[in-house]
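Reader: I am new to this structure. Please take me through one part of it closely.

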Amino acid sequence: MSNSRVQVIPAKKPKVSSKSHLTTGKRRVAAYARVSTDSDEQLNSYHSQVDYYTNYINSRSDWIFAGLFTDEGITAVNTRHRDGFNRMIAEACAGKIDLIITKSVSRFARNTVDSLTNIRKLKEHGTEVYFEKENIWTFDPSVEILLTVLSSLSQEESRSISENVTWGKRKAMQDGHFGLPWSVFLGYEKGEDGLPKIVPEEAEIVRFIFSQYMNGGTYYSIAKELTARGIKTPRGNDVWQIPTIRNILTNETYRGSKRLQKTFCTNYLTKKKKVNEGELPMYYIEESHEPIIPPDEFDAVQAEIERRKAMGTAMRSLSPFSSKVVCGDCGAFFGKKTWSSTSEKYRKEVWRCNARYKKKGERTCRTSHITEEELEHKFIEAFNELMQNRNSIIDDCKAAQKLLCDTTEIDKQIADAESERSLVEGIAMQAINDNKRHAVNQTEWLQHNEKYLKRYDELNDLIERLEKEKSDRITRSQVIKRFIKRISKESIISCFDRDLWAAVIENVTVGVDGKLTFRFKNGAEVVK
């Protein structure tokens, strides 16, 4: 072994490094430029970068211009939505770029993982990156530790900026200030005072959506109708979707109020948002701006949404009678059926119990069918009979509404339950701490702890029930308020009114004897 010799085989291929531009071959060089915001100052910086890199690369005789890749008005916490950046990486990996020049590490990426992953990927495909500000060439073997540190600092800077922005937004919420996604928010634009200002043409679309829903329309049928009419969505699309209709119907902005911090960002790197389910405080501003939908009408729609949810079945018809007509024999809803649909002469639409032939070939309930004309005619009769005592009914409704609005006792029960829950939680935590510090009988401790947990769960359930009862009372109060408002405008009617029907009727029960029991939203019943 002592006589063995080591022969050196000289390298034939030049080492690729920051000096590569001195070799005889010309390098294909691209540049990457990005600014974080859409402000005029930043856009000037953006255009300056574009001009600088274009001239810089073209001025070098040993370089060939391989393109300028840009992202404008985009933050760089991650590279997922940076189209220019991602296109540049793809072209480099396809062997079209030898060198990428960019201003600094922070312009490339503020996410340490993204930065190092992309630099390593580029290196594997023979593409070097040059960071001008830091004077770093990524083919330098000693550079990765430095890049890790610099990328981490950039990421920490992003975290700090994110926290400052979040703090600023939450402070603005506490002070009652808010904004909207103006360019895609139907019905409002930003006013001179910074508050929502109604756009009349768009507001009519919003009112149409609310009106259709209260007249028996569904999310699907309303979306279909708007699409058929050629009305553009808030984002300018031709086809309306169910979530868009649902979001409009449940957005309190349209009643002139605003709930803030309904969602929050869980991770400043991914920008992933989560619905706020109590993790952070929310802020509710009453009468913050001019409403498109009167508050009582908006609240009535929310009550109708909850009513339909409670039914456990989706409404599929535009008819005002959908999910309003009930079988007096089996309790199922009536649905629209078409007889002799293949013959126009004998074609007839009727309403009958959806469960009548639940078992194939076997009739399971005894109620008969009814036509829409009969329903409309009987409703006119029932409503006119009710209106004979209109003043007395209004007085009774006002008294009932006042009683429903008084939640003093429920509020006291909730406060007492919350106070006891806090006490139980404190005792339980103290017991846990004592168990950590001192030797105690574990059997006895577990028994006591089980009692604390059981009581804590009982109080949680109690608070949930009380809050539900309070919510139901307030909703019922709003329904009666709308009922009062509507019948105050009416006297005797001679023709069917869909809006009136939706405002005053809770449901109609069809009896086995063919009689109809109209139950009004104030609780009154009229049999016809």
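Which strands make up the open sheet of four strands, and in what order?

Author: First, the ground rules. This is a predicted model: local features need pLDDT of at least 70, side-chain atom pairs count only at pLDDT 80 or more, and totals for chains, interfaces and linings use all residues. Residues are numbered from 1 along each chain as its sequence is written, and side-chain values use heavy atoms, with hydrogens and water left out.

Now the sheet. Its order is S12-S15-S16-S17, and the pairing is mixed. Strands are DSSP runs of E with at least two residues; helices are runs of H or I with at least four; both are numbered from the N terminus. Two strands pair if DSSP finds at least two bridges between them. S12 and S17 (525-527) are the edge strands, each pairing on one side only. On average, neighbouring strands of this sheet are turned by 25° against each other, direction ignored.

Look at S16 (residues 516-520). Three bridges join S16 to S17, and the two run antiparallel. Arg-519 has Glu-525 in S17 as its bridge partner.

Helix H10 (residues 372-387) lies across S12, S15 (505-510), S16 and S17. H10 runs at about 55° to S16. Axes are lines fitted to C-alpha atoms, for helices over the stretch in contact (heavy atoms within 4.5 Å). Angles run from 0 to 180 degrees between N-to-C directions.

Ala-332 sits in the loop between S12 (325-327) and strand S13 (334-339). Beyond its neighbours within four places in sequence, Ala-332 contacts Val-325, Val-326, Cys-327, Cys-353 and Ala-355. Its relative accessible area is 18%, so Ala-332 counts as buried (under 20%; exposed is over 50%, partly exposed in between; 1.4 Å probe, protein chains only). Arg-356 is 24 residues away along the chain, and its C-alpha atom is separated from that of Ala-332 by 8.8 Å.
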